[in-house]
Amino acid sequence: EDVICDPAAGTCGFLVAAGEYLREKHPALFRDEKLRKHFHTGMFNGFEFDPTMLRIGSMNMTLHGVDNANVSYRDSLAQEHDRDAGRYSMILANPPFAGSLDYDATAKDLQQIVKTKKTELLFFSLFLRLLKTGGRAAVVVPDGVLSGSSKAHQELRKLLVESHRLEG
């Protein structure tokens with residue numbers, strides 16, 4: 001059973017699109033009681049720290065036929081991820097890639113992957129932390145993430161190329 005996460009869910013657009021894709025391409029999923037229950041209660045997970053976006057995202061999931069998606073409040077870059085490490089088989093995300101965070105406020109488990117305060121690199125660290133072995137991520141990235149020249153950019157690029165299967 002796949003478990004999908006968007007750690008910067010916003011309006012839950014990617015999660016909604018995934019649900020609609022499954023309805024269209026895999027209708028047999030809804031004829032199996034166990035799979036249908038998983039679709040409505042365990043498959044979709046979204047985190048957001050803006051209360052307005054959180055409400056919109058939760059409503060969006062409900063309006064698109066997912067009864068009990070786990071759309072919850074979380075500052076994905078500031079909270080430790082021990083309980084969710086390796087939990088998700090798929091990450092779908094278009095996270096906000098603006099600026100830098102206070103280094104001390106950033107989750108320490110993300111800093112262990114790549115030492116930086118740049119949000120675009122920290123989100124990649126988060127995705128790698130949340131994915132289970134063999135999991136996949138589809139992420140919209142800003143220009144420069146894979147070509148930046150800082151030490152943190154180089155470390156992340158090396159990690160993605162040597163330890164993961166990077167496709168562009």
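A crossing of two helices is left-handed if the near helix is turned anticlockwise from the far one by less than a right angle, and right-handed if clockwise. Keep that in mind for the first stop.

This is a predicted model: local features need pLDDT of at least 70, side-chain atom pairs count only at pLDDT 80 or more, and totals for chains, interfaces and linings use all residues. Residues are numbered from 1 along each chain as its sequence is written, and side-chain values use heavy atoms, with hydrogens and water left out.

**Stop 1: the helix pair**

Select helix α5, residues 119–130, and helix α6, residues 151–163. Helices (H or I, at least four residues) and strands (E, at least two) are DSSP runs, numbered from the N terminus. The two axes come within 10 Å and cross at roughly 30 degrees. Axes are lines fitted to C-alpha atoms, for helices over the stretch in contact; angles run from 0 to 180 degrees between N-to-C directions. Angles under 35 degrees count as roughly parallel, over 145 as roughly antiparallel, 65 to 115 as roughly perpendicular and the rest as oblique. So α5 is roughly parallel to α6. The crossing of α5 with α6 is left-handed.

Now show side chains. From α5, pick Glu120, Leu121, Phe124 and Leu128; they meet Ala152, His153, Leu156, Leu159 and Leu160 of α6. Contact means heavy atoms within 4.5 Å. The residues of this contact comprise seven nonpolar, one polar and one charged. Here Ala, Val, Leu, Ile, Met, Phe, Trp, Tyr, Cys and Pro count as nonpolar, Asp, Glu, Lys and Arg as charged, and the others, Gly among them, as polar.

**Stop 2: strand β2**

Move to β2, residues 44–48. Five of its five residues are buried, so the rest of the structure largely encloses β2. Buried means under 20% relative accessible area, exposed over 50%, partly exposed in between (1.4 Å probe, protein chains only). One side carries Phe44, Gly46 and Glu48; the other carries Asn45 and Phe47.

Two strands pair if DSSP finds at least two bridges between them. Strand β1 (residues 4–6) pairs with β2 in the parallel sense over three bridges. Cys5 has Asn45 as its bridge partner in β2. Strand β3 (residues 70–73) runs parallel to β2, joined by four bridges. Look for Val71 of β3 opposite Gly46.

**Stop 3: two single residues**

Select Cys12, in the loop between β1 and α1 (13–25). Its phi is positive, about 70 degrees, although Cys12 is not a glycine. Cys12 is buried, at 0% relative accessibility.

Finish at His38 in helix α2, residues 33–41. His38 is buried, with a relative accessible area of 10%. Not counting residues up to four places away in sequence, His38 touches Glu1, Asp2, Val3 and Met43.
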